[in-house]
Amino acid sequence: MTRRAVTVIGAGVVGLSCALVLAERGHPVRVVARETGAGTASAAAASLWAVPLVERSERVRAWAYATLARLRRDAGPETGVREQPARTVGVAAATPDPWLRGFTPPLREATAQELPPGCRVGTVASIPLVDTSRYLPWLRARCAEAGVDIERREVARLDDGGPAGDVVVLAAGCGSGALAGDDALRPVRGQVAVLENPGLTRTTIVRDGPLAPLFVVPRFDDVVVGGPAQDGVWDPDPDPVLERELVERAVRAEPALAGARVVGRAVGHRPVRPEVRVAAERTGGRDVVYCYGHGGAGVALSWGSARAAADLVALR
Ligand SMILES: Cc1cc2nc3c(=O)[nH]c(=O)nc-3n(C[C@H](O)[C@H](O)[C@H](O)COP(=O)(O)OP(=O)(O)OC[C@H]3O[C@@H](n4cnc5c(N)ncnc54)[C@H](O)[C@@H]3O)c2cc1C
């Protein structure tokens, strides 16, 4: 059977995963993207197998678990994927959310010694880390091996994406709204500082209290510190005052970080939408498959949603 040629717009974790799944299923695939690393939300993500700021539904749960299985299969220093302990701490006990059950296995209460200053309660779990400073280059290399070319350019309109007969997969994160004429998509800005790693191996997430919001995520070569989720804010430049505050709070939560140099910084815009848009449409004489709106969970949903998008391409 001849498979339709596909142009994927976007080379973040979602676009690259779509491209790889489609290429592995036998489609000729090209990717067109303005950025392939810095400048994407995927590169700014810490990132954990976690599902904040995204639609809560059974299909999202299924995509998360499908992704987890694939991430576990690929885990290792080459991909930047590993399991690591994470403490989630705060002042008040978290209200249990039935939908989130199962996303942080296995779970135990944090001991008093595991609580940072100002925190009174917490849990410890093993949460998979996807170090995107390794994972994105690995995905790009897998795409290249599968024959996928990545062209660096801005796309102004959907029909500017690629040759007329191609199915277009729109996976442009926050850039998808303008291309699809979709007002339901909005950016939720995140800012991170990247610090030297003094030997930390445990993630810290502070939910509430004086240190919140904060995450401290040790990766293979460094530590990512971030926290605030700024709704509707487009500013692409790191705010130095926010960075200082984040680093100070991180040092209070993890004193071993005192004196660690800041070796990088990034801003990323989470593509938030009431529902992740995985759908197909014929528009402007083109077959288009949408795959965007993954909110704060694009890494955790990447393989599952890419397969769902590829299933829709197969029907065009
Ligand atoms: C601080 C922070 C922490 C996060 N933590 C986590 C986490 O722990 N776990 C998790 O799963 N997720 C996390 N996320 C969310 C995750 O990063 C996003 O959901 C995910 O990166 C979205 O991927 P994407 O490929 O859709 O978008 P992006 O990575 O932004 O990629 C979009 C692509 O489209 C291209 N593009 C856009 N517009 C155009 C255009 N007009 N023409 C050509 N190309 C275009 C861009 O250049 C880029 O290549 C975090 C995000 C942030 C900011």
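View 1. Thr7 stands opposite Val168 in β7. In β2, Arg30 is the bridge partner of Thr7. The chain runs from β1 through α1 to β2 as a right-handed β-α-β crossover; right-handed means that, with the strands pointing away from the viewer, the path from the first strand over the helix to the second runs clockwise. This is a predicted model, in which local features need pLDDT of at least 70, side-chain atom pairs count only at pLDDT 80 or more, and totals for chains, interfaces and linings use all residues. Residues are numbered from 1 along each chain as its sequence is written, and side-chain values use heavy atoms, without hydrogens and water.

**View 2. Strand β1 (residues 6-9).** Strands here are DSSP runs of E, at least two residues, and helices are runs of H or I, at least four. Four parallel bridges link β1 to β7 (residues 167-170). Four bridges also join β1 to β2 (residues 29-33), again parallel. Pairing requires at least two DSSP bridges. Val6 and Val8 are buried on one side of β1, Thr7 and Ile9 on the other. Buried means under 20% relative accessible area (1.4 Å probe, protein chains only).

View 3. A polar contact here is a pair of N or O atoms within 3.5 Å. A ligand oxygen atom is 2.7 Å from a polar backbone atom of Leu48. A ligand nitrogen atom is 2.8 Å from a polar backbone atom of Val155. For Gly298, a polar backbone atom is 2.9 Å from a ligand oxygen atom. Taken alone, the ligand exposes 1000 Å², and the protein buries 96% of that (Shrake-Rupley method, 1.4 Å probe).

Notes:
A polar contact is a pair of N or O atoms within 3.5 Å; within protein, one must be able to donate a hydrogen and the other to accept it, and residues adjacent in sequence count only if both atoms are side-chain atoms. Buried means under 20% relative accessible area, exposed over 50%, partly exposed in between (1.4 Å probe, protein chains only).
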